[in-house]
Amino acid sequence: FSIADVVLPLVGTKSKFPTNKMGDDMKELLTQLGVSVESFRAVKDKDLALNGDYRKVLVRPSDFDYEIKEYFDPKQPLLKTDLMELSGEDINIA
């Protein structure tokens with residue numbers, strides 16, 4: 001395993017906390033904030049309910065392109081805005 005395999009839970013009704021010190025610390029933080037895992041289950045409105053999820057601590061990028069640009073005007077955008085795209089305007093880096 002590597003650091004790219006580590007995930008942290010986003011608290012919700014379906015989240016499972018780690019069974020180690022990190023899980024205890026997360027539950028303690030919830031207690032300090034005045035909420036508990038049970039309070040997430042008490043929400044009846046499904047639009048407001050938080051199911052929870054898991055997020056990776058570190059994601060290794062893959063299959064991406066990049067371009068190095070030099071510019072001198074801090075107000076000049078580095079990427080085309082939607083409006084520029086619609087109007088056919090190009091980015092002019094001077």
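Which residues does Val37 touch, not counting residues up to four places away in sequence? Val37 touches Gly12, Phe17 and Leu30, where contact means heavy atoms within 4.5 Å. This is a predicted model, in which local features need pLDDT of at least 70 and side-chain atom pairs count only at pLDDT 80 or more, while totals for chains, interfaces and linings use all residues. Residues are numbered from 1 along each chain as its sequence is written, and side-chain values use heavy atoms, with hydrogens and water left out.

Val37 is found in helix H2; helices (H or I, at least four residues) and strands (E, at least two) are DSSP runs, numbered from the N terminus. Val37 counts as buried because its relative accessibility is 14%, given that buried means under 20% relative accessible area, exposed over 50% and partly exposed in between (1.4 Å probe, protein chains only). From Val37 to Glu67 the C-alpha atoms are 45 Å apart in space, although the two residues are 30 residues apart in sequence.

Ser15 lies in the loop between E1 and helix H1 (21-32), and with a relative accessible area of 9% Ser15 is buried as well. A polar atom of the Ser15 side chain lies 2.6 Å from the backbone oxygen of Leu10, and the Ser15 side chain also reaches the backbone nitrogen of Gly12, at 3.2 Å. A polar contact of this kind is a pair of N or O atoms within 3.5 Å; within protein, one must be able to donate a hydrogen and the other to accept it, and residues adjacent in sequence count only if both atoms are side-chain atoms. When neighbours within four places in sequence are left aside, Ser15 is in contact with Pro9, Leu10, Asn51, Gly52, Asp53 and Tyr54.

**Salt bridges**

Side chains of opposite charge can pair when their charged atoms come close. The structure holds four salt bridges, a salt bridge being a side-chain nitrogen of Lys or Arg within 4 Å of a carboxyl oxygen of Asp or Glu.

| Pair | N to O distance |
|---|---|
| Glu38 and Arg41 | 4.0 Å |
| Arg55 and Asp53 | 3.1 Å |
| Asp90 and Lys80 | 3.3 Å |

Glu38 and Arg41 both lie in helix H2 (residues 37-41), three residues apart, which is about one turn of the helix. Glu38 is exposed, with a relative accessible area of 52%, whereas Arg41 counts as partly exposed at 43% relative accessibility. In the pair of Arg55 and Asp53, Arg55 is partly exposed at 44% relative accessibility, and Asp53 is partly exposed at 36%.

What does the salt bridge between Asp90 and Lys80 join? The side chains of Asp90 and Lys80 meet in a salt bridge. Asp90 lies in the segment after H3 and Lys80 in the loop between E2 and H3, so the pair ties together parts that are 10 residues apart in sequence. Asp90 is partly exposed, with a relative accessible area of 48%, and Lys80 is partly exposed, with 36%.

**The loop between E2 and H3**

Asp63 is found in the loop between strand E2 (53-56) and helix H3 (82-87). Most residues other than glycine have a negative phi. The phi of Asp63, however, is near 55°, a positive value in a residue other than glycine, and Asp63 counts as exposed at 80% relative accessibility. Lys75 is found in the loop between E2 and H3 too, and Lys75 counts as exposed at 77% relative accessibility.

**Aromatic and nonpolar groups**

The structure holds one aromatic pair. Phe64 and Tyr66 form this pair, which is tilted, at 6.5 Å centre to centre and 40° between the planes. Rings of Phe, Tyr and Trp (its six-membered ring) pair if their centres lie within 6.5 Å; planes under 30 degrees apart count as stacked, over 60 as edge-to-face and the rest as tilted. Both Phe64 and Tyr66 are exposed.

Ile3, Val6, Leu8, Met22, Val57 and Leu58 make a nonpolar surface patch of about 460 Å². Ile3 has its place in the segment before strand E1 (7-10), and Ile3 is partly exposed, with a relative accessible area of 44%. Patches are made of residues with over 30% relative accessible area and no salt bridge, like charges being joined within 9 Å and nonpolar side chains (Val, Leu, Ile, Met, Phe, Trp, Tyr) within 5 Å. Accessible areas come from the Shrake-Rupley method with a 1.4 Å probe, and for residues only the protein chains shown count as cover.
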